[in-house]
Amino acid sequence: MGDLDFEANLKDGIAVDWPVRYKDIQPWYDYVEKYIGVSGQNEGLFQLPDGVFQPPFEYNCLEKSVKKRVKEVLGRDIIMGRTAHITVEGGWKGRGTCQTRNRCMRGCPYGAYFSSNASTLPAAEATGNMTIRPFSIVTDIILNDDATRAKGVRIRDAETLETHEYFAKVIFICASTFGSTQILLNSTSERFPDGLGNDSGELGCNVMDHHFLVGAYGTSDDFKDQTTKGRRPTGIYIPRFRNIDEKSKMPNFIRGYGFQGGAGRQGWWRYIPEAQFGTEFKAALSQSGNWTFGITAFGESLPYHENRIYINRELKDKYDLPTLTMDVEWKTNEWEMRKDMKETAVEILEAGGLRNVNAYEDSSNPGLAIHEMGTARMGHDPKTSVLNKWNQIHSVPNIFVTDGSFMTSASCVNPSLTYMAFTARAANHAVEELKKGNL
Amino acid sequence: MDRRETLKTISLLLGYSLTAGTATAFLNGCKASTSDDWKPTTLTEEEVNTLAEICEAILPKTDTPGAKDALCHRYIDEMITHFYTEDKRTYFKKELKKIRSKVQRKIRSSFFGPQSK
Ligand code: SF4
């Protein structure tokens, strides 16, 4: 994320302003990128800042040609996807390089794709200070007598259902956006009847997610004699081009979207709809099909106070804990943006020289992009936000909340790197404050 | 959009990525048993044999192995046992039965046996 995102709420006069700017976070993006290994290319784009990257993956022949044409015809950039994959050996402490198999979702056996299993947990273990207590469901936070500091956490053991308490000077809650918010909403007391740190009434509100599943696809008759080698675990990216400056201002919506996509030759799956069978069919399955190119938009959604999650004390889960109810809808800005996403998807692919270009749109209900954010947002003012600019709960500063719940606005880019940068920055701040005796 | 068009869109877009259910099956190491004394879990012997014939018709043995050799029917039994909901399993069995009786009516024979007079 860049200042286009960090200044967005202030400029649009909606929700609350981010209490940070890109210059505050930029060193921490670099720090995380160097630590986890991110492949990508610096492009010098204002709307999508550069970083410290491992060499990018390569475009295939069709992507190269579409990229060139789209730049010529529309002036829009197609860039290589930036992903947490190590592409060059050396200094990765037991992690190897990517073998381009695109099996990352199964867990990378080489540790080439970043995961806590491959990277941060071994590092934590090496300090000798790590204790993991599995099967622990945090039920609530224990506060001191005047409710100004957290003392510890109470957990329910998922196997024995016993309750245990653990104590610490500083507590980091990083249990996923809704998970963290649920813990805070569950932690009620006389001082915080509506959930811990909820003086503002914003805890659980302002749910955001990306809206997606709208885009286009087309085919190409070129490059019949070429195919791809390996399975690149990323695709191309088209950075946001709407509402990034005066020229690109849209009349019907604010903010914007990017496209993820890629080209490849079709494999056996092209026959799924054909309902064929027999010897010829079997022979055809082993041949490469047409080149196709598809793109899918990921759009920013706005923080609306009434889009919220809340505790349902009537309906309990199997651990006898209250469940969470989600009440979220897209509104005009998202629906207007989706119309534009669909149109520009077609426009881009046609400019890229593709044939048989078709738009598609599926319903993209909030939550489907699994980028939920914003339910404990950060801000300057304790009256309108839950966290301060260091991810500390305004009224209980030894609690840090460092997952997507802190997001004040959603941006349209994948959020994990931003969570990690803020987490590293918050951890560093916690250490400094501990040293100073402030925590 | 009709079913064919929908499937076409999906196959165009997804490439080799998988539907969530199938992906879960892979992630959990769902695979066909190669043991000689294998028995189906959800399907009956008869149903699984029907299924094997259907699979073989789709991907017959040529100079390369066919669906039966690949034990596709065992995989499907495993899949629907562990990754289908009860109503989907019932539906699957119902449709399988329909295919059987349709074929039998058409060729006036038992599904596997020689054509009757
Ligand atoms: S493709 Fe994914 S799983 Fe395979 S080596 Fe690369 S990062 Fe690891």
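Modeller: Helices (H or I, at least four residues) and strands (E, at least two) are DSSP runs, numbered from the N terminus. This is a predicted model, in which local features need pLDDT of at least 70, side-chain atom pairs count only at pLDDT 80 or more, and totals for chains, interfaces and linings use all residues. Residues are numbered from 1 along each chain as its sequence is written, chains are lettered from A and ligands numbered from 1 in the order in which they are written, and side-chain values use heavy atoms, with hydrogens and water left out.

Biologist: Where does Ser176(A) lie?

Modeller: Ser176(A) is placed in the loop between strand 5 (171-173) and helix 6 (177-186) of chain A.

Biologist: What is the phi of Ser176(A)?

Modeller: Most residues other than glycine have a negative phi. Ser176(A), although not a glycine, has a positive phi of about 85°. Leu71(B) also has a positive phi, near 60°, and is found in the loop between helix 3 (45-58) and helix 4 (72-83) of chain B.

Biologist: Is Leu71(B) buried or exposed?

Modeller: Buried means under 20% relative accessible area, exposed over 50%, and partly exposed in between (1.4 Å probe, protein chains only). Leu71(B) has a relative accessible area of 17%, so this residue is buried. Ser176(A) counts as partly exposed because its relative accessibility is 39%.

Biologist: Which class does Ile132(A) belong to, and where does Ile132(A) lie?

Modeller: Ile132(A) is exposed, because its relative accessible area is 53%. Ile132(A) lies in the loop between helix 5 (120-126) and strand 2 (136-143) of chain A.
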